[in-house]
Number of protein chains: 2
Amino acid sequence: MKIGYLGPEGTFSQAAVLSAPSAPQFELRPLETIHDTVLAVSRGAVEMAVVPIENSLEGSVNVTLDALVFEAEDVRIVGETVLAVEQCLIAQESLPLDQIEVVISHPQATAQCREYIRANMPEARVMTSSSTAEAVRLVSERIRHRWAAIGTRLAAELYGCVVLATGIEDVSGNQTRFVWLSRDSGQIGVPGTELAPEAAWKTAIVFWGEGTESPGWLVSCLSELAFRGVNLTRIESRPLRAGLGSYMFFADLDGRDSDPQVVDALNGLRGRVNVLRTLGSFPAA
Amino acid sequence: MKIGYLGPEGTFSQAAVLSAPSAPQFELRPLETIHDTVLAVSRGAVEMAVVPIENSLEGSVNVTLDALVFEAEDVRIVGETVLAVEQCLIAQESLPLDQIEVVISHPQATAQCREYIRANMPEARVMTSSSTAEAVRLVSERIRHRWAAIGTRLAAELYGCVVLATGIEDVSGNQTRFVWLSRDSGQIGVPGTELAPEAAWKTAIVFWGEGTESPGWLVSCLSELAFRGVNLTRIESRPLRAGLGSYMFFADLDGRDSDPQVVDALNGLRGRVNVLRTLGSFPAA
């Protein structure tokens, strides 16, 4: 099975892919951006893909949410994997932190290490790369001897670099939640994982409506879930790209989309909104 | 009056500062990051500051929200300014787009132009700078003749650069909402603006609680507002930095924090949550 993920080799996304029990059977397809990875599923270039959707420090991965809503309506979330994230500071050879001129990484990673950078390398310029592993690859090139990347230990090893410091994220216990994407409605869960009959499920939805600005609209929407005992584990608003003040709402519900109370709650919600889409229903990590 | 903002000269933040009627009396203090700008108010290095808080395409400016909650409890939002954003592609001299090797800007600006970059400069490397104007300044240096920045026309003029294309944001009608910050409770509104007695007010709050994972908790919180006819114009969740699944909620309410129904609603809400803070109450833009 072809599996797409944010490459190159050594990214956290690759680590999430390799955590699946079926990983030895995968054909790995590293892709250049999160956006490309979501679209590769939609176009059928890969059977499944893994993308980050949420980090415990930085919040939602907006590119993933926006791509699922605006550009890949046929793609479903079919599983999730949660990984602990330990960020390392990586350079091509050992050097004192105060000699580092550029720190480069994916924006989510530099954001997770904002305090560390400010305290240890206040003069360094912060630059962005398409992934943490791409940052390590760049830093490994000979001309960049005063550059440091933020990324995984795996990437440091793959590109022959040195780890200058580990655990540099501002808050420890940092985790990232990845989702498995597929167009195939028969694919359920992380590949190779046994589905226990009593497993907990989640259902991810997105909705929006014209009532957004009336006092009780969002309350009335969420009440459709609460009054039926359907728990909400997460809610997130994102711009609907139609001007300030217009939002869509992403929510994760406890339960499977075929559970009677979830069906009932979603039917109730549908009556309150203009658009309601199920992004996926899958076994919780 | 000393006014801090995200510098250098030519940023959208500077344009927001200069839109105030009292601008001719300001001593401008461009600062290096949004974080520095919020902290400058807290430390008393400036009397007021202007920072972006929300964009109609990219959503919340997380650095601003996090700094207000975690690092500058004494700083209040006292006013807001909404600006239309027109992004320009800027280089030191005219060149065909397919010869551009690097596109550099603030991450919010590159995010707003993601489609444009993909369609017109798919081979270019995207790099990050601390502001749009800093990107233009970098591009104006002689060694970077195949670089392009995304920024304002004002910055292009200030740094002697050429505008290659205008209105390159993926969705037109893009707006950014800026807030005015102060520690002084006597400061109300955008400096120099007349406060009409019938002006509409907004109150910005943040709250969190241990009930986040129970089915009806968020609904019961929002109901405290809705049942008293207090309208919610915006709600946003952000990680509480205590692991996946723990969130704080930012909300903007219609009304002033001294209005009886707002006082009443906030008292009701306080009974449901662990922490409730008013970030500011100010005349709406």
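The largest nonpolar core of this predicted model holds 118 residues, and those with the most contacts inside it are A:Ala49, A:Leu181, B:Ala49 and B:Leu181. A nonpolar core here is a set of buried Ala, Val, Leu, Ile, Met, Phe, Trp, Tyr and Cys residues joined through C-beta atoms within 7 Å. A residue is buried if 20 or more other C-beta atoms lie within 10 Å of its own, exposed if 12 or fewer, and partly exposed in between, with C-beta atoms placed from the backbone. In soluble globular proteins, nonpolar side chains tend to be buried together.

**How to read the model**
- Residues are numbered from 1 along each chain as its sequence is written, while chains are lettered from A and ligands numbered from 1 in the order in which they are written.
- Since the model is predicted, local features need pLDDT of at least 70 and side-chain atom pairs count only at pLDDT 80 or more, whereas totals for chains, interfaces and linings use all residues.

- Leaving aside neighbours within four places in sequence, B:Ala49 is in contact (C-beta atoms, placed from the backbone, within 7 Å) with B:Ile3, B:Gly4, B:Tyr5, B:Thr37, B:Val38, B:Ala40, B:Val41 and B:Leu181.
- A second, separate core has 56 residues, including A:Ala133, B:Leu89, B:Ile150 and B:Leu164.

**Where the two chains meet**
- Chain B brings 38 residues to the contact and chain A brings 37 residues.
- On the side of chain B that touches chain A, β8, β11, α8 and β13 of chain B each give two or more residues; helices (H or I, at least four residues) and strands (E, at least two) are DSSP runs numbered from the N terminus.
- The most comes from β13(B), which gives seven residues to that side.
- That side of chain B divides into 16 nonpolar, 15 polar and seven charged residues; Ala, Val, Leu, Ile, Met, Phe, Trp, Tyr, Cys and Pro count as nonpolar, Asp, Glu, Lys and Arg as charged, and the others, Gly among them, as polar.

**The α8 pair**
- Helix α8 of chain A and α8(B) pack at an angle of about 145°, their axes 9 Å apart; axes are lines fitted to C-alpha atoms, for helices over the stretch in contact, and angles run from 0 to 180 degrees between N-to-C directions.
- The contact uses A:Leu218, A:Val219, A:Leu222, A:Ser223 and A:Ala226 of α8(A), along with B:Leu218, B:Val219, B:Leu222, B:Ser223 and B:Ala226 of α8(B).
- By class, this helix contact has eight nonpolar, two polar and no charged residues.
- Nine of the 10 residues of α8(B) are buried, leaving the helix mostly covered.
- Those buried residues pack against α8 and β13 of chain A, together with β12, β13, β14 and α9 of chain B.

**Inside chain A**
- Chain A is divided into domain 1 (2-85 + 174-182), domain 2 (88-166) and domain 3 (201-283), with bounds from an automatic or database domain assignment.
- The centres of domain 1 and domain 2 of chain A, taken over C-alpha atoms, are 23 Å apart.
- Between these two domains, 15 residues of domain 1 are in contact with 15 residues of domain 2.
- Helix α6 of chain A is largely enclosed by the rest of the structure, because seven of its eight residues are buried.
- Covering the buried residues of α6(A) are elements of chain A including α1, β6, β7, α4, β9 and α7.
- A:Glu115 sits in helix α5 of chain A and counts as partly exposed because it has 14 C-beta neighbours inside 10 Å.
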